[in-house]
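User: I would like to learn how to read the features of a protein model one at a time, with the general idea set out before the particular case. Please begin with how accessibility is judged.

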Amino acid sequence: MHIDIQQASVSRIKEIPDGDLGFGRIFSDHMFSMDWSGDTWIEPRIHPYGPIEIIPSALALHYGQSVFEGLKAYRGPTDDRIRLFRPHSNAQRLKASCERLCIPCVSPDIFLEAIRELVSIDCAWVPHGPDCSLYIRPLLFGSEGTLAVRAASTYRFLIITAPVQEYFNRQGQGIYLKAEHRFTRASPGGTGGAKTAGNYAATLQPMSDSAGAGFDQILWLDGVEHRYVEEAGQMNIFFHLGDTIVTPDLSGTILPGITRDTALTILREWGYKIEERRISMDEVITASKTGNLREAFGAGTAAVVVPIDRIHYLGQDLQLPQAGNHSLCQQLYQAITELQFGVTQDNHGWSVLVD
Ligand SMILES: *Cc1c(COP(=O)(O)O)cnc(C)c1O
């Protein structure tokens, strides 16, 4: 692939704030774009980040034909080299999301080449610091102007990047979840397993209500019986019950997180028994009463892993055991971030260097 490159005339890198970077508030100098012409991807280009022109009748704006990805580039504290973490998995998941929404897919090779080229041009934007990284957001949407309800005939693929801080910057303190028994995120046969814009749109109202009531995130329950645990906000969820780790199975209503898969792989290597299955709120409450519930945590690229401190369910607060420095969540956090930042040897072929 030949990528046309138009350099920004002046860098905006001095605009990076000294303190908290936040999450996706400031974007790096360049972005990647290419278009689907009806039978092939054309005009791959890297150009200054800025507004794009879009036709008001663009299908994605009206009917949500839009999928995205999320991954990060990490700067090694010892060797100063920049690494991506499991980008091939993001490429595969993007393909799966595309199929669900009738979007032409971007080949994994092109996906990876575009990211590497973009990150290498904006390498100065990959922050230093243990809980900082460059968040990479690929986005693919139907750009054809039509009000007909069908798949678009033209598409735009974009990649933008943003220096970020970890999502929950709260010094290891756990989060407070509201188990949502009215609104749901996904239902069987829907798009819960695809990383698509509409899944997020459906969560905005309940998220806003729950944030107003003092909760950090929503604990999504299944869309049929509102009994089984699905996800914690935009994270997959894990329960440590006795000597077993339980996480909801990928039934189609749950997003197949790459952090989820990373955590499962590491936990298996550490000798934990893993169960990927449905788990009800009743089971969680019973396990808590009998002392069998040791901890629970959420996992996702933005936050790595975060302990869950309390769950509000049907008017009652369930207090989880305090996750101390030796908690499984903390051990996983350390193991995963050390791999991401290239501090420990990568025996899985997960790290991809950006040169
Ligand atoms: C992206 C996402 C996750 C986490 O996936 P990672 O690959 O681990 O970042 C979990 N749940 C939802 C709904 C998501 O969109």
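This is a predicted model: local features need pLDDT of at least 70, side-chain atom pairs count only at pLDDT 80 or more; totals for chains, interfaces and linings use all residues.

Analyst: A residue is called buried when its relative accessible area is under 20%, exposed when it is over 50%, and partly exposed in between.

User: With which residue does the side chain of Arg 268 meet in a salt bridge?

Analyst: The idea to apply is that a side-chain nitrogen of Lys or Arg lies within 4 Å of a carboxyl oxygen of Asp or Glu. Arg 268 meets the side chain of Glu 276 in this way, at 3.2 Å from N to O, and Glu 276, with 37% relative accessibility, is also counted as partly exposed. A salt bridge also joins Glu 276 to Arg 260, at 2.8 Å from N to O. Since Arg 260 belongs to helix H6 (residues 258-269) and Glu 276 to strand E14 (residues 273-276), this pair ties together parts that are 16 residues apart in sequence. Arg 260, however, is buried, its relative accessible area being 3%.

User: How many salt bridges does the structure hold, and which residues are linked in a network?

Analyst: There are 19 salt bridges in the structure, and Lys 273, Glu 275, Arg 277 and Glu 283 are linked by such bridges in a network. Another salt bridge joins Glu 231 and Arg 185, whose closest N and O atoms are 3.1 Å apart. That pair connects distant parts of the chain, with Glu 231 in strand E11 (residues 229-232) and Arg 185 in the loop between strand E9 (175-180) and helix H4 (197-201), 46 residues apart. Both partners can be classed by the accessibility rule: Glu 231 is buried, with a relative accessible area of 3%, and Arg 185 is buried as well, with 12%.

User: Let us turn to rings. How many aromatic pairs does the structure hold?

Analyst: A pair of aromatic rings is described by the distance of the centres and the angle of the planes. The structure holds eleven aromatic pairs. In one of these, the rings of Phe 32 and Phe 157 have centres 6.1 Å apart and planes at 70°, and because planes over 60 degrees apart count as edge-to-face, the pair is given that label. Phe 32 is placed in strand E2 (residues 30-36) and Phe 157 in strand E8 (residues 155-165), so the contact ties together parts 125 residues apart in sequence. Phe 32 and Phe 157 are both buried.

User: Which residues do ring pairs link into a cluster, and where does the charged end of Arg 278 sit?

Analyst: The cluster joined by ring pairs consists of Phe 32, Trp 36, Trp 41, Phe 111 and Phe 157. The charged end of Arg 278 is placed over the ring of Tyr 228, 3.7 Å from its centre, and Arg 310 lies over the face of Tyr 176, at 3.7 Å from the ring centre.

User: Which domains does the assignment give, and what area is buried between domain 1 and domain 2?

Analyst: The domain assignment gives domain 1 (4-165) and domain 2 (175-340), and their centres, taken over C-alpha atoms, are separated by 27 Å. The contact draws 21 residues from domain 1 and 19 residues from domain 2. About 1700 Å² is buried between the two, with carbon and sulfur atoms giving 59% of that area. On the side of domain 1, Phe 68, Phe 85 and Arg 93 lose the most area to domain 2, together 36% of what that side buries. One salt bridge is counted between the domains. Arg 86 and Asp 261 have side chains that meet in a salt bridge, at 2.9 Å from N to O.

User: Finally, a backbone angle. Where is the place of Asp 80?

Analyst: Most residues other than glycine have a negative phi. Asp 80, although not a glycine, has a positive phi of about 60°, and its place is in the loop between strand E5 (71-75) and E6. Glu 43 also has a positive phi, of about 50°, without being a glycine, and Glu 43 is found in strand E3 (residues 41-48).

Terms used: Residues are numbered from 1 along each chain as its sequence is written. Side-chain values use heavy atoms; hydrogens and water are left out. Rings of Phe, Tyr and Trp (its six-membered ring) pair if their centres lie within 6.5 Å; planes under 30 degrees apart count as stacked, over 60 as edge-to-face and the rest as tilted. Helices (H or I, at least four residues) and strands (E, at least two) are DSSP runs, numbered from the N terminus. Buried means under 20% relative accessible area, exposed over 50%, partly exposed in between (1.4 Å probe, protein chains only). A charge sits over a ring if NZ of Lys or CZ of Arg is within 6 Å of the ring centre and within 35 degrees of the ring normal. Domain bounds come from an automatic or database domain assignment. Contact means heavy atoms within 4.5 Å. Buried area is the accessible area (1.4 Å probe) that two parts lose on being put together, summed over both.
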